[in-house]
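Reader: I have a new model open and would like to learn how to read it. Could you walk me through it, beginning with the contacts?

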Amino acid sequence: MLRELARDLWVVERPQRFCGLEVGTRMTVIRLSDGSLLLHSPVLLDEELRRELDSRGDVRYAVAPNRFHHLYVGKVAPAYPGARTWVGPGLERKRPDLEIAGVLGDEAPREWSSEVDQLFFRGRPMENEVVFFHRVSRTLVLCDLAFNFGPRAPRLTCLVARLLGSYQRFGPSRLDPLLIRDRAAARRCMERILGWDFDRVVVAHGEVLESGGCEALRCGYAWLLTG
Ligand SMILES: [Fe+2]
């Protein structure tokens, strides 16, 4: 179930519908140097997945990185009573039922700041996504700031992705510019992300981009970067 992308980095892929469309979802698992596991955008933890996680390390941190990727985060702490939960800005109001350790921002909590960087992507308030960068594996971890749908996606998803300019084309969809309410702020954030030394990009919907991620992201956001 856990698919290894690099040392101390795995993903778990699961079906997920959004607005009736099968778009899939992906959890990223980062093992920190002390053996603790950070679950980014958790999927439902069934017994088999828990066994696999337990064989890799101690689940201590759960992260819901934006206002949409929170559906299963509340299941982590009951399964792992020592685990603590962080959420993207706004989720603390949307999910008052969650017991949270903190709201994510530009400064990574000290629990993982020596290995993982963060940035709150501003100007896109519908999602309020916090972007993660796992330094040692040179991996950028996104949820909804880019898609990467290919032929493995269901036929209807491929069709919709094609209409939105997202089929076999890494990056944001044609609708994404409409979601950005403060272009200057979003541009500054994208420039900071592109300053990180990453090559691989994990997205929540579509395929992982194994290499060339920095250039692909720059290309996908050229419309934003050039103003
Ligand atoms: Fe998403």
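Author: Happy to! Keep in mind that this is a predicted model.

Reader: What does the secondary structure of the chain come to?

Author: The chain has eight helices and 13 strands. Its radius of gyration is 16 Å, close to the 17 Å that the globule rule gives for 227 residues, so the chain is as compact as a globular protein of that length. Buried residues make up 58% of the chain.

Reader: How do I read the sheet of seven strands, and which strands are at its edges?

Author: β1 (3-6) and β9 (102-103) are the edge strands, each pairing on one side only. For a close look at one pair, take β2 (residues 9-14) and β5 (residues 25-31): they run antiparallel and are joined by six bridges. V11, for instance, has T28 in β5 as its bridge partner.

Reader: Which residues coordinate the iron ion?

Author: The iron ion is coordinated by H69 (NE2), D144 (OD) and H205 (NE2), at 2.0 to 2.1 Å. Their spacing is H-x74-D-x60-H. H69 lies in the loop between β7 (58-64) and α2 (76-79), and D144 in the loop between β12 (139-141) and α4 (155-163), so this pair ties together parts that are 75 residues apart in sequence.

Reader: Are H69 and D144 buried or exposed?

Author: Both H69 and D144 are buried.

Conventions. Residues numbered from 1 in each chain as written. Predicted model: local features only at pLDDT ≥ 70, side-chain atom pairs only at ≥ 80, totals over all residues. Heavy atoms only, no water. Donors = N, O, S within 2.8 Å, 3.2 Å for Na, K, Ca; no water. Helix = DSSP H or I, 4+ residues; strand = E, 2+ residues; numbered from the N terminus. Buried < 20%, exposed > 50% of the residue type's maximum accessible area, 1.4 Å probe, protein only. Pairing = 2+ DSSP bridges. Rg over C-alpha atoms; globule rule 2.2 N^0.38 Å.
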